[in-house]
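Here is a brisk report on a single chain.

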Amino acid sequence: MKILLIEDDLVIGRALLTVFKDEGHQVLWLRSANGVLERLLDEDFDAVLLDLGLPDGDGNDLLLRIRNAGSMVPVLIITARDGLNHRLKGFNNGADDYLIKPFEIPELLVRLRAILRRSGSQSEAEVLWTSGDLVLEEKRMRVTWEGAPVTLSKTEFGLLLALMKQSHRVLTRAELERRVLPFSDGSTLDVHISNLRKKIGDGHICTVRGVGYMMKQREKSI
Ligand code: CA
């Protein structure tokens, strides 16, 4: 599971990071509201842990912006604000659950699993992304083109997955680089796209000149 942790407290943040990593989860830890919305719209997270008292703003305002931007990611508020009004405000703004600090880790994990179960995002089912005769199996990290398996590098797979998941829009060069370059061997985005096109055929990825790339079509099924 991929978790976005928004918490400015170093002690709590480090403790949660350790717990989640021990549980086998992937965690992105941000210590302020700045940049959260961008990351959320950019990447797919299974859950968000949101502290309310952030150095550059109120977590409740951030939550409202997240929901107004159309993100339905499960959000668990973790805060020391325990008044009923605070809790109601959190739920009204779109929180899935609310946990008062200090809390015990087992309770946090149980609540997290519960909101994931409710949202259905912890489905064991494989997720297929298709574009014409191209099929990508996200969890198995497999791609077939015209029924035949295609061997992609990790970077190429990441690029293709990002494009297929958001095939309704253009992904900018900056967005793609931010996602893919951490795994990159130093070569440029264009080289990876070019290699990808050689492997999956020319007709799937369009170049949007001066902006980035996008898929020609998408269909999602589970
Ligand atoms: Ca705080």
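Gly59 is found in helix H3, residues 59-68. Helices here are DSSP runs of H or I with at least four residues, strands are E runs of at least two, and both are numbered from the N terminus. Gly59 has a relative accessible area of 0%, so it is buried. The cut-offs are under 20% for buried, over 50% for exposed, and partly exposed in between, with a 1.4 Å probe and protein chains only.

Gly59 touches Leu50, Asp51, Leu52 and Leu54, with residues up to four places away in sequence not counted. Contact means heavy atoms within 4.5 Å. Gly90 is 31 residues from Gly59 along the chain, and their C-alpha atoms are separated by 8.9 Å.

## Basis of the model

This is a predicted model, in which local features need pLDDT of at least 70, side-chain atom pairs count only at pLDDT 80 or more, and totals for chains, interfaces and linings use all residues. Residues are numbered from 1 along each chain as its sequence is written, and side-chain values use heavy atoms, with hydrogens and water left out.

## H1 against H5

Two packed helices are described by the angle between their axes and the distance between the axes. Helix H1 spans residues 10-22 and helix H5 residues 105-119; their axes come within 12 Å and cross at roughly 60°. That angle makes H1 oblique to H5. Angles under 35 degrees count as roughly parallel, over 145 as roughly antiparallel, 65 to 115 as roughly perpendicular, and the rest as oblique. Axes are lines fitted to C-alpha atoms, for helices over the stretch in contact, and angles run from 0 to 180 degrees between N-to-C directions.

H1 passes H5 in a right-handed crossing. In a right-handed crossing the near helix is turned clockwise from the far one by less than a right angle; anticlockwise is left-handed. On the H1 side, Leu16, Val19 and Phe20 meet Ile105, Leu108, Leu109 and Leu112 of H5. By class, this contact has seven nonpolar, no polar and no charged residues. Nonpolar covers Ala, Val, Leu, Ile, Met, Phe, Trp, Tyr, Cys and Pro; charged covers Asp, Glu, Lys and Arg; the others, Gly among them, are polar.

## H6 against H8

The axes of helix H6 (residues 154-165) and helix H8 (residues 189-200) come within 10 Å and cross at roughly 85°. H6 is therefore roughly perpendicular to H8. H6 contributes Thr155, Glu156, Leu159, Leu160 and Leu163, and H8 contributes Leu189, His192, Ile193, Asn195, Leu196, Lys199 and Ile200. The contact of H6 with H8 has seven nonpolar, three polar and two charged residues.

## Met215 in E14

Met215 sits in strand E14, residues 212-215. At 1% relative accessibility, Met215 counts as buried. Outside four places in sequence, Met215 is in contact with Ser131, Leu134, Leu160, Leu163, Met164, Ser167, His204 and Ile205. Leu160 and Leu163 also belong to the H6 contact with H8. The C-alpha atoms of Met215 and Leu161 are separated by 10 Å, and the two residues are 54 apart along the chain.

## Loop residues

Glu43 lies in the loop between helix H2 (36-42) and strand E3 (47-51). Its relative accessibility is 17%, so Glu43 counts as buried. Glu43 touches Lys2 and Arg179, not counting residues up to four places away in sequence. The side chains of Glu43 and Lys2 are joined by a polar contact of 2.9 Å. Such a contact is a pair of N or O atoms within 3.5 Å; within protein, one must be able to donate a hydrogen and the other to accept it, and residues adjacent in sequence count only if both atoms are side-chain atoms.

The Lys101 to Pro102 peptide bond is cis, with omega near -5°. Pro102 lies in the loop between strand E7 (97-100) and H5.

Met141 is not a glycine, yet has a positive phi of about 55°. Met141 lies between strand E9 (134-137) and strand E10 (142-145), in the loop. It is partly exposed, at 49% relative accessible area. Glu146, also not a glycine, has a positive phi of about 50°. Its place is the loop between E10 and strand E11 (148-150). Glu146 is exposed, with a relative accessible area of 58%.

## The chain overall

The chain has eight helices and 15 strands. Its C-alpha atoms fill a box of roughly 60 × 35 × 30 Å, taken along the principal axes. Of the 222 residues, 45% are buried. Among contacts between residues at least 6 apart in sequence, 58% join residues at least 24 apart.
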